[in-house]
Amino acid sequence: MNLKDLYYFYDLSNLQSFTEVARKNGVSQPSISYAIKRLEKEFHCQLLVHDPSHRTFKLTPQGDILLRHVKKALPEIQGAQKEILRSISPYDTIGFPPLIIDYLVRKEPAFIENVSALRNIHPIQEGSIELLDLLSKGELDASFIGSLEPIIDKRFSVKTLMTSDLYYILPSGHSLADKEAIAFSDVLNENFIILDEHFVHLKAFQHLNNQYHHAATPFFQTDDINLLKQLLRKKIGISLLSEIAITKEDKDLISIPMVKEERMSLYVSLVTLKENNLHPEVENFFQELLK
């Protein structure tokens, strides 16, 4: 059986067009027709019923059965392909969210002391949300991930490095700078400058905002933490950041904790695929970080 025939059959069930499937896969339309005929010969039954008057078709009961199994089989085959490619790769593909990697370089001696392990790492730098998605798809061997809750997923091995509280970040001289703690109700009318949808900070803002019927509106979203801080220094607005995002160079920015009942934390974890074996140098590198 030709594996491509199953992919064509799956695409056809979704796109409902021989022409569109041929275009998607860069082949001729007859190639798709021949693929279906080969599958019908293989399974000794008709898989499609055509309606020439409307130029449409539908799956036969046998076609529905095949589709149900193909939906299960193709992801497993794709996963096997990715896992095999990873197993023969000379390096591990590791995700590094910008805020977390910056913190590790600044604060964790083990990161610098074992930096030679980086020669065995192909780094992917994105926000935690995108990295977790890539890990789920088998595109990464492991990733540092920031999340608002502990990650519980049977596909992953999760080791929490630390938790970091979220703070309201204000420019110096702000009217709220002297408060011991800030409630979201105190800042509903402020201009929020927020890290964008690739970062969990936006999720934290949305969670708080939902409790106030979306009364607050993000003024500006960015994936650049340095730009965000520059805008804060220009007194354009305020932000919501985890403690690890604040450095000693940010003395001109004021960090105020959330009120106790609204307090939120960032969980910083190392997440690996359970079935994956990292290179020994990389495994040792992570073990040193986790001590």
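Which side chain meets Asp11 in a salt bridge? I looked this up before anything else. I noted that I am working from a predicted model.

**Entry: the salt bridge.** The partner is Lys24, and the gap from N to O is 3.0 Å. I placed both residues. Asp11 sits in helix H1, and Lys24 sits in helix H2, which covers residues 18–25. The pair therefore ties together parts that are 13 residues apart in sequence. I then asked for the total. The count of salt bridges comes to nine.

**Entry: H1 against H3.** How do the axes of H1 and H3 cross? Helix H1 runs over residues 3–15 and helix H3 over residues 29–43. Their axes come within 9 Å and cross at roughly 110°. The range for roughly perpendicular is 65 to 115 degrees, so H1 counts as roughly perpendicular to H3. I listed the residues that touch. From H1 I have Asp5, Leu6, Tyr8, Phe9 and Leu12. From H3 I have Ile32, Ala35, Ile36, Arg38 and Leu39. By class, this contact holds eight nonpolar residues, two charged and no polar ones.

**Entry: H2 against H3.** I turned to the other helix pair. The axes of H2 and H3 are 8 Å apart, and the packing angle is about 105°. H2 and H3 are therefore roughly perpendicular to each other. On the H2 side I found Phe18, Thr19, Val21 and Ala22. On the H3 side I found Gln29, Ile32, Ser33 and Ile36. Here the classes are five nonpolar, three polar and no charged. I see Ile32 and Ile36 in the contact with H1, and I see Ile32 and Ile36 again in the contact with H2.

Entry: How many cavities of 30 Å³ or more does a search of the whole structure find? The search gives one. The largest cavity holds about 70 Å³ of space. I wrote down its lining: Pro97, Pro98, Leu99, Ile100, Ser128, Gly146, Phe199, Val200, His201, Ile244 and Leu266.

Which helices each supply at least two residues of that lining? They are H5, residues 98–107, and H8, residues 200–210. H5 gives the most, with three residues. I sorted the lining of the largest cavity by class as well. Eight of its residues are nonpolar and three are polar. No charged residue is part of this lining.

Technical notes:
Residues are numbered from 1 along each chain as its sequence is written. This is a predicted model: local features need pLDDT of at least 70, side-chain atom pairs count only at pLDDT 80 or more; totals for chains, interfaces and linings use all residues. Side-chain values use heavy atoms; hydrogens and water are left out. On a 1 Å grid over the protein atoms alone, a cavity is a set of points where a 1.4 Å probe fits but cannot get out, and a pocket is an open set with protein on both sides within 12 Å along at least five of seven lines; lining residues have an atom within 4 Å of a point. Grid points are joined across faces, edges and corners, and a volume is the space filled by probe spheres set on the points. Helices (H or I, at least four residues) and strands (E, at least two) are DSSP runs, numbered from the N terminus. Ala, Val, Leu, Ile, Met, Phe, Trp, Tyr, Cys and Pro count as nonpolar, Asp, Glu, Lys and Arg as charged, and the others, Gly among them, as polar. Axes are lines fitted to C-alpha atoms, for helices over the stretch in contact, and angles run from 0 to 180 degrees between N-to-C directions. Angles under 35 degrees count as roughly parallel, over 145 as roughly antiparallel, 65 to 115 as roughly perpendicular and the rest as oblique. Contact means heavy atoms within 4.5 Å. A salt bridge is a side-chain nitrogen of Lys or Arg within 4 Å of a carboxyl oxygen of Asp or Glu.
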